[in-house]
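Open the model in your viewer and keep the selection tool ready. The tour starts with one residue, then widens to the whole chain.

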Amino acid sequence: MRQFVCPSCGAGNRVPVDRDPALARCGRCKAEVLSGAPLDVEAKAFARHLAGTKGAPVLVDVWAPWCGPCRAMSPQFDAAARRVGSGARFLKLNADNNPELCAQYAVQGIPALLLFLDGRLIARKAGLMSADQIVDWVTLAAAKAAV
Ligand SMILES: [Zn+2]
């Protein structure tokens, strides 16, 4: 059983492993649970997804509008999210608006990718990555999660 958080109402939605979460609709508000696009989150939504996503990785892109490499990575991150589809939750966190979270996870430079599994930080990468590199990295983590 996997669980994802509805981006619209925040409800936890359990999805059996043999069902494609990409087709899942929220049990409470009927919104799409996983649209295949990264979600822009602030601290509250970040915490909700971290706590409520189970059995699938949560990948967070820490970025800022003034950061050139972050802007360069943004389409790569979007492409990776489309390709990984329902295998992981993709989030974008604005570093300027969330200094506490950056401090908590010791983010020293951006872009930074943080990979969480069942609420725990399991891996991190700093610097620009291609969609291929992101997909490979998350796929490996997702395979570990499935064990
Ligand atoms: Zn909902």
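**Stop 1: Lys30**

Select Lys30: this residue is exposed, with 11 other C-beta atoms within 10 Å. Lys30 sits in the loop between strand S2 (12-15) and strand S3 (39-41). Its phi is positive, about 70°, although Lys30 is not a glycine.

Two notes before moving on. Residues are numbered from 1 along each chain as its sequence is written. The model is predicted, so local features need pLDDT of at least 70 and side-chain atom pairs count only at pLDDT 80 or more, while totals for chains, interfaces and linings use all residues.

**Stop 2: the loop between H3 and S6**

Go to Ala106, in the loop between H3 and S6. Phi is near 55° here, positive in a residue other than glycine. Ala106 counts as exposed, with 10 C-beta neighbours inside 10 Å.

Now select Pro111, in the loop between helix H3 (99-104) and strand S6 (112-117). Which peptide bond is cis? The one from Ile110 to Pro111, with omega near 0°.

**Stop 3: the whole protein**

Zoom out and colour by secondary structure. The protein has 4 helices and 7 strands. These are DSSP runs, numbered from the N terminus: helices are H or I, at least four residues, and strands are E, at least two. From the N terminus, the order is β-β-β-α-β-α-β-α-β-β-α. The C-alpha trace spans about 40 × 30 × 25 Å along its principal axes. Of the 147 residues, 34% are buried.

Definitions and conventions
Buried ≥ 20, exposed ≤ 12 C-beta atoms within 10 Å, placed from the backbone.
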